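Take a look at the model below before reading on. This report goes through it part by part.

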Amino acid sequence: MTAKVRFADVSVGEELKPWRYRVTREDLVAYAGASGDQNPIHQDEAFAKQVGLPDVISHGMLTMAKIGQYVTDWAGDPAAVVRLKARFTQMVIVPKDTGNEVTVAGKVTSKGDGTRVVLELAAAVGDVNVGAAEAEVELA
Amino acid sequence: MPLNKGFVGREFPANEPYTVTAESIRDFADAIGDANPVYRDEAAAKAAGQPAVIAPPTYLTKLNFLYGPAMLADPDLGLNYAMVVHGDQEYSFTRPVRAGDVVIGKPRIAGIFAKGRNEFLVTEASIETVSGEKIAMARSTIVSRGTAPQEETR
């Protein structure tokens with residue numbers, strides 16, 4: 001249960017290297033099965049449009065899962081993440097065939113008790129912010 | 001129809017105990033596209049100081065679909081699920097969820113408030129093992145679009 005990043009080596013304001021992932025309709029079907037969230041707005045284009053959405057949208061929790069992966073990859077140990085919060089600010093639209101690309105970025109906003117740091121994270125599609133998150137990580 | 005504020009503070013029954021299996025952790029990690037070995041390889045998890053493979057932080061979303069419905073589908077709450085979007089989600093961990101855990105979520109409604117035409121429903125759940133070890137707190141806000149009471153009728 002040890003992060004690979006040392007508390008002493010991190011400074012407030014430090015930016016993490018941004019990271020991109022692609023989300024496709026197939027990813028949404030797989031996520032629906034594994035998470036149990038079978039809401040058709042994440043799989044069925046006709047249904048999504050019928051309830052007033054522009055197209056199929058990603059599960060917010062999938063965006064949060066990818067933000068979580070960004071943090072655990074940075075820390076080097078998933079057990080180091082003691083708190084993770086995400087706010088879903090805009091929908092991630094997932095067109096058929098092309099899918100969509102989401103960029104995740106983060107920075108260290110505070111160093112706190114013991115060896116804990118707080119990261120501020122943002123997920124975006126192009127210029128549009130789709131998620132604002134915060135993570136508290138126990139460093140080495 | 002506005003949400004019933006009488007539900008604020010109400011606690012709901014825990015879900016039936018759910019056994020976290022290594023397979024379900026691997027399936028979840030595969031579905032989110034996270035190849036971290038501590039989610040699928042017991043030796044890697046042990047090398048990282050864990051007694052068994054651990055789950056990604058957002059794995060607990062699965063539990064939400066077990067303890068959530070009893071609360072959200074109560075007709076007296078007045079929530080129309082078709083009008084709902086997820087506003088935010090927070091997990092605070094005492095330790096990671098791991099294979100072999102038998103877990104329950106004990107949910108409660110922490111708040112209901114309106115902002116503009118939307119209403120916000122805040123729920124909390126303590127995630128514990130069946131033997132009472134606290135693993136995490138889950139806090140969620142869902143947005144009920146367009147159901148807030150009109151100013152003049154409030």
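How many helices and strands make up the secondary structure of chain A? There are three helices and five strands. Keep in mind that this is a predicted model.

## Chain A at a glance

Start at the N terminus of chain A. From there, the elements follow the order β-α-α-α-β-β-β-β. The C-alpha trace of chain A spans about 50 × 30 × 20 Å along its principal axes.

Chain A has 140 residues, and 41% of them are buried. Now take the contacts in chain A with a separation of 6 or more. Of these, 65% are between residues 24 or more positions apart.

## Where the chains touch

Chain A meets chain B through 31 of its residues, which contact 28 residues of chain B. Three elements of chain A each give at least two residues to this side: α1 (25-35), α3 (60-75) and β2 (81-88). The largest share comes from α3(A), with nine residues. Sorted by class, the side of chain A that touches chain B holds 17 nonpolar, eight polar and six charged residues.

Strands also link the two chains. β2(A) and β2(B), which is residues 84-93 of chain B, run antiparallel and are joined by five bridges. One pair to find is A:Lys85, whose bridge partner in β2(B) is B:Glu90.

## A helix with a buried side

Next, find helix α1 of chain B, residues 22-32. Which of its residues are buried? They are B:Ile25, B:Phe28, B:Ala29, B:Ala31 and B:Ile32. These residues cover an arc of only 160 degrees around the axis, so they lie on the same side of α1(B).

What do the buried residues of α1(B) pack against? They pack against α1 and α3 of chain A.

## Strands of chain B

Strand β1(B) is residues 18-19, and β3(B) is residues 102-115. The two pair in the antiparallel sense over two bridges. In this pairing, B:Tyr18 has B:Val103 of β3(B) as its bridge partner.

β3(B) is also joined to β4(B), residues 118-129. Here 12 bridges connect the strands, which run antiparallel. β3(B) and β4(B) form a hairpin, with two residues between them. In the turn sits B:Gly116, with a positive phi of about 60 degrees. In a regular strand, side chains alternate between the two faces of the sheet.

## The nonpolar cores

The largest nonpolar core has 68 residues. Which residues have the most contacts inside it? They are A:Ile67, A:Val71, A:Val137 and B:Ile25. The largest share of this core, nine residues, is supplied by α3(A). B:Ile25 is also one of the buried residues of α1(B).

Look at A:Ile67 in more detail. Setting aside neighbours within four places in sequence, A:Ile67 is in contact with A:Ala86, A:Val104, A:Leu121, A:Ala123, A:Gly131 and A:Ala133. Another core, of nine residues, lies apart from the largest one. B:Phe7, B:Met71, B:Ile112 and B:Leu121 are among its members.

Terms used
Residues numbered from 1 in each chain as written. Chains lettered and ligands numbered in written order. Predicted model: local features only at pLDDT ≥ 70, side-chain atom pairs only at ≥ 80, totals over all residues. Contact = placed C-beta atoms within 7 Å. Helix = DSSP H or I, 4+ residues; strand = E, 2+ residues; numbered from the N terminus. Nonpolar A, V, L, I, M, F, W, Y, C, P; charged D, E, K, R; others polar. Pairing = 2+ DSSP bridges. Buried ≥ 20, exposed ≤ 12 C-beta atoms within 10 Å, placed from the backbone. Arc of directions from axis to C-beta. Core = buried A, V, L, I, M, F, W, Y, C linked by C-beta atoms within 7 Å.
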